[in-house]
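Here is a briefing on one protein model. Read it beside the sequence and the coordinates.

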Amino acid sequence: MSTVLSTTSDRPEAAVPAAPREGRRSRPQRIAEFLCTAQAPYQAALFRIGLSAVLLAFLLREWPHRRVLYGDRSPLSHELALALGAEERTFTLLHWSGERVWFETVYLVTVLAALAVLLGWRTRTATVVQMIGVLSLEHRNTLVGDGGDNIVRIMVIYLVFTRCAQVWALDARRARGRGSTAPHSPASDPTGVVLWWVTGLFLLVGFGLPTEVGWPLVLFLLWGAHALRYAVRGKGPGHEGARFLDACTAMLHNCALLMIAVQVCLVYATAGWYKIQGSRWQEGSALYYALHLDYFTPWPALSHALAGSTVLVLALTYGTVIVQVAFPFTLANRRIKNVLIAVMIGEHLAIVALLGIPLLSLAMVVCDALFLPTAFLLALGRWCGRPARRAGVAVRAPASA
């Protein structure tokens, strides 16, 4: 609270702090409230759902080829993977053993974790397990990755530090059922306690006590943060420690969302400026050559028909460079930003259909959705929930009759 002191008046009342008007807050108070409140809950929830859905679709799509890509049948043997991992200093659980049983366990747990994150079930734990699974699979054989793998690998790390289950999640439904004033004690959440003990035993058996800075230390810190959360929130949501912990997690959530936005801007800016330096992009013919690559033409007839129009190829080539370079500079203008987001999403969906690059394109669609306006997401949520509400009415109607 700011205090107004008069230094020019001799009146005694001039030295008394001015009483603020009721309902008005100073600028530092508004800034502190903004920073200590989790922002963009619907955008974070959509990011969680979209990212886990893309990851789940990829894991299920590669299920028949999983052992060749990352498992015991990979051309990169376990011994070579260990040597490559030691050189690149990468983290993966698959370095512990080269047996098929261990690989299948890691792969299946990653699939289940992605499904749990998609549904918003025990999201704090599920996002960490999903992150460990993705890093383990991607780092087992880094030679088969592409841009989509890089984006997913980065984003699953950021997702751990967000409060992405405040809406559109089973966790949010459980919180509403418990009530905002009920204490969050271990006795009231036995499933969470069991998960905490199981993950703790896994860390102790798998890594032992961490002695240096690295991923094991990060995982132990996350595990300890869960214990602190239970200990503090068990005293009730009105406790000072609980409020302080909620403020810290909210600030961490806001920082994570900011880092995701910065990462997306860097991806588009670097992609756009590198394209400007290419002669094919300068002359407007880059898309023509891309549409004639056999490896990137899932629908040859459609690709060749599009490449046959010189004007369309020229417009799409220059348009791609323009929107990528301009994207970071349009975020300050809401209307232009919303139009450009729609254009970028449409461009990525077109890449999926024309060039057959689903993982990278769908991952970038998920990242672009983080910038969608809240009003649109609320309308989208109401539209998606309409069939469920109709089904609920249809089920309850006979009982009420």
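Of the protein's 401 residues, 38% count as buried (under 20% relative accessible area; exposed is over 50% and partly exposed lies in between, with a 1.4 Å probe and protein chains only). The model is predicted: local features need pLDDT of at least 70, side-chain atom pairs count only at pLDDT 80 or more, and totals for chains, interfaces and linings use all residues. Residues are numbered from 1 along each chain as its sequence is written, and side-chain values use heavy atoms, with hydrogens and water left out.

**Overall build**
- The protein has 18 helices and zero strands. Both are DSSP runs, numbered from the N terminus: helices are H or I with at least four residues, strands are E with at least two.
- Among contacts (heavy atoms within 4.5 Å) with a separation of 6 or more, 73% join residues 24 or more positions apart.
- The accessible surface comes to about 23000 Å², and carbon and sulfur atoms hold 67% of it. Accessible areas come from the Shrake-Rupley method with a 1.4 Å probe; for residues, only the protein chains shown count as cover.

**Helix α17**
- Helix α17 covers residues 358-369, 12 residues in total. From first C-alpha to last it reaches 16 Å, close to the 16 Å expected at 1.5 Å a residue (the expected span is 1.5 Å times one less than the number of residues).
- Nine of the 12 residues of α17 are buried, so the helix is mostly covered. Among them are L359, M364, V366 and D368.
- The buried residues of α17 pack against α2 (41-61), α7 (147-160), α11 (240-276) and α16 (334-355).

**Salt bridges**
- The count comes to six salt bridges, each a side-chain nitrogen of Lys or Arg within 4 Å of a carboxyl oxygen of Asp or Glu.
- R153 pairs with E138, with the closest N and O atoms 3.8 Å apart. This pair links distant parts of the chain: R153 is in helix α7 and E138 in helix α6, 15 residues apart. Both R153 and E138 are buried.
- D171 and R174 form a salt bridge at 3.0 Å, N to O. Both lie in helix α8 (residues 170-178), three residues apart, about one turn of the helix. D171 is buried at 13% relative accessible area, whereas R174 is partly exposed at 29%.
- E283 and R280 meet at 3.1 Å, N to O. Both lie in helix α12 (residues 279-283), three residues apart. E283 is partly exposed at 43% relative accessible area, and R280 is partly exposed at 42%.
- Salt bridges that share partners join R66, R100 and E104 into one network.

**Helix α6 at T125**
- T125 lies in helix α6 (residues 123-140).
- Leaving aside neighbours within four places in sequence, T125 is in contact with T199 and H226.

**Surface patch**
- I31, F34, L35 and M251 form a nonpolar surface patch with about 370 Å² of accessible area together. Patch residues have over 30% relative accessible area and no salt bridge; like charges are joined within 9 Å, nonpolar side chains (Val, Leu, Ile, Met, Phe, Trp, Tyr) within 5 Å.
- Helix α1 (residues 27-35) gives the largest share, three residues.
- L35 is in helix α1 and is partly exposed at 41% relative accessibility.

**Cysteines**
- The structure holds zero disulfides (pairs of cysteine sulfur atoms within 2.5 Å).
- The closest cysteine sulfur to that of C248 is in C36, 7.7 Å away, too far for a bond.
- C248 is partly exposed at 28% relative accessible area, whereas C164 is buried at 2%.
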